[in-house]
Amino acid sequence: MVASRLARTHARGMLTLRSRALPVPHIGVPAPQAPVRSRFAIFMPSLFRLSIAFGFVEGLAAVASQERALIAAAVITSAFALVVLIADRLIDQGREMQATWLVALSLGVIGLLGTLVIPGVSEAMALMPVLALALLMPYANRRYRVAIVGMALGWTLLVLISADLARPAPLPEPFGNLFAQGVLVAIVGLVIAALVDFSDNARRSLGALETSVAQQQVQSDERAALGRVLESLAPKETVDATARAIAEALVTLPGITVGGVLEYQDGGLRIMALAAPAAFPLKSGDPMPEARALSLIASSAGGPWAERRLSETSLPELDAVGSVGLEALAYAPMRSGDQLLGLVGIGTSDPLHARHLVEDLPAIGEVAATATALLAPDLVARREVANVRGQIQAIIADRAFMPVFQAIVTIPDRVVVAYEALTRFTDGVRPDRHFAEAAAAGLGVELELVTLGAAVQAAERIPHALWL
């Protein structure tokens, strides 16, 4: 019933696996990298240098020819270079959409001004709104679609109107014709590059969508498998048998090679149950090596976590990297209040599944919740018995008790006829409690024998004529 209830809770998405950075000495998931700049952002420095170069050439030509149109062209191109520089700074601040809008609007202004003041470039300037449209298309969602298309059509209309109204003085031939054709070729090249970039972005987005759909299908299949696993878990005749059932259920999950349940004992970890290939170096009942156990216990404080790149670890108990080819491990703690009861762990040998295990598969956290519900009462009781057994063993080893004697006298004349031997413990705990705890821990006979021996030895001072 408990497993079924937790399975239904899982199906409603109530339980999740929290990813976190791994503390040393764990070999964990690589640290997040800085965001990758888009192709538009990477192109910005080149566009700035290209604009500066064009402006410089136009300026030299203007100085040599004293043509006002070339002076205007140099000023417009240099101003655009400044806009590109500002846009690049905006991108560095994470404001790429604002930077793209700035460049697109400036292209419209350039198209309008170029048509008004530079002769013979109206065909090239008419392409400026098309270039702006290509740059803005990645942002053409429902919110911005109308604004983007409206801006492109509006600038195109203004450029065409200005081309009919403007009559700038022609540049001398053949230089004027070559200049106009050079501008047209440059603008066409930029438009083609922008359209190709948009096409590539669209193709990558489609591929990402297909991958996402495939991942969603995989996750759906895993959720179904996880639900079946949680439904199948139920208490067995012993706590160790229940742990074995959990470990065996874990390896039925897609991609999982190793599943195990670890019990926290005396500051370390013991493998309660393990389902793994025969080549795996650890077995059920083995203690975890001390260094590894301390590392796992320290990591458990933050909840479920995962480890990648196991081939880089130097931990000897993970020779399983070579024997069964483990690519990733994931753990989740089992707790009763603030008490750590143990860990549930899974591992995969599938390189493709390893990343998915770390990022997308919350199975370990959910199975740990079910395992806690099934195992916690018995593990807590077993721990209490172990603690009591350790205390009684310490009492026996340290002889932390003393015999005392109670005289038995006749009532009429108050003559001592016998002595009753009793035991008192140095920790002040009532004797009946210690004897009851010893019996519950399986050490009742041992404690009684050692206290009886101490009483007999101390009774040598009692006259032999008296009963003990």
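This is a predicted model: local features need pLDDT of at least 70, side-chain atom pairs count only at pLDDT 80 or more; totals for chains, interfaces and linings use all residues.
The phi of arginine 399 is near 50°, a positive value in a residue other than glycine, and its relative accessible area of 43% makes arginine 399 partly exposed. Most residues other than glycine have a negative phi.

A positive phi also occurs at aspartate 266, where the angle is near 50°. Aspartate 266 belongs to the loop between strand 1 and strand 2, and with a relative accessible area of 79% this residue is exposed. The two strands form a hairpin with two residues between them, and aspartate 266 is in the turn.

Strand 1 pairs with two other strands. Seven bridges join strand 1 to strand 2 (residues 268–275) in an antiparallel arrangement, and within this pairing valine 261 has alanine 273 of strand 2 as its bridge partner. Six bridges join strand 1 to strand 5 (residues 339–348), and these strands also run antiparallel; here glycine 260 stands opposite glycine 345 of strand 5.

By the distance rule of a side-chain nitrogen of Lys or Arg within 4 Å of a carboxyl oxygen of Asp or Glu, the count comes to eight salt bridges. Aspartate 240 takes part in a salt bridge with arginine 270, for which the closest N and O atoms are 3.7 Å apart. Because aspartate 240 lies in helix 9 (residues 239–250) and arginine 270 in strand 2, this pair ties together parts that are 30 residues apart in sequence. Aspartate 240 counts as partly exposed at 23% relative accessibility, whereas arginine 270, at 19%, counts as buried. Aspartate 240 also forms a salt bridge with arginine 382, with the closest N and O atoms 3.2 Å apart, and this second pair links distant parts of the chain, 142 residues apart, since arginine 382 is in helix 13. Arginine 382 is partly exposed, with a relative accessible area of 26%.

A further salt bridge is formed by glutamate 307 and arginine 292, whose closest N and O atoms are 3.1 Å apart. Glutamate 307 lies in strand 3 (residues 305–308) and arginine 292 in helix 10 (residues 290–299), so the pair ties together parts 15 residues apart in sequence. Glutamate 307 is buried, with a relative accessible area of 2%, and arginine 292 is likewise buried at 2%. Salt bridges that share partners join Asp240, Glu263, Arg270 and Arg382 into one network.

Helix 7 (residues 145–165) has 21 residues and reaches 30 Å from its first C-alpha to its last, close to the 30 Å expected at 1.5 Å a residue. Ile148, Met151, Ala152, Trp155, Val159 and Ser162 are buried in this helix, and they lie on the same side of helix 7 because they cover an arc of only 105° around the axis. The other side of helix 7 carries the exposed residues Val146, Leu153, Leu157, Asp164 and Leu165. An α-helix has 3.6 residues a turn, so residues three or four places apart point the same way.

Elsewhere, Val109, Leu113, Leu116 and Val117 make a nonpolar surface patch of about 270 Å². Valine 109 is found in helix 4 (residues 96–117) and, at 37% relative accessibility, counts as partly exposed.

Definitions and conventions:
Residues are numbered from 1 along each chain as its sequence is written. Side-chain values use heavy atoms; hydrogens and water are left out. Patches are made of residues with over 30% relative accessible area and no salt bridge: like charges are joined within 9 Å, nonpolar side chains (Val, Leu, Ile, Met, Phe, Trp, Tyr) within 5 Å. Accessible areas come from the Shrake-Rupley method with a 1.4 Å probe; for residues, only the protein chains shown count as cover. Helices (H or I, at least four residues) and strands (E, at least two) are DSSP runs, numbered from the N terminus. Buried means under 20% relative accessible area, exposed over 50%, partly exposed in between (1.4 Å probe, protein chains only). Two strands pair if DSSP finds at least two bridges between them. The expected span of a helix is 1.5 Å times one less than its number of residues. The arc is that of the directions from the helix axis to the C-beta atoms.
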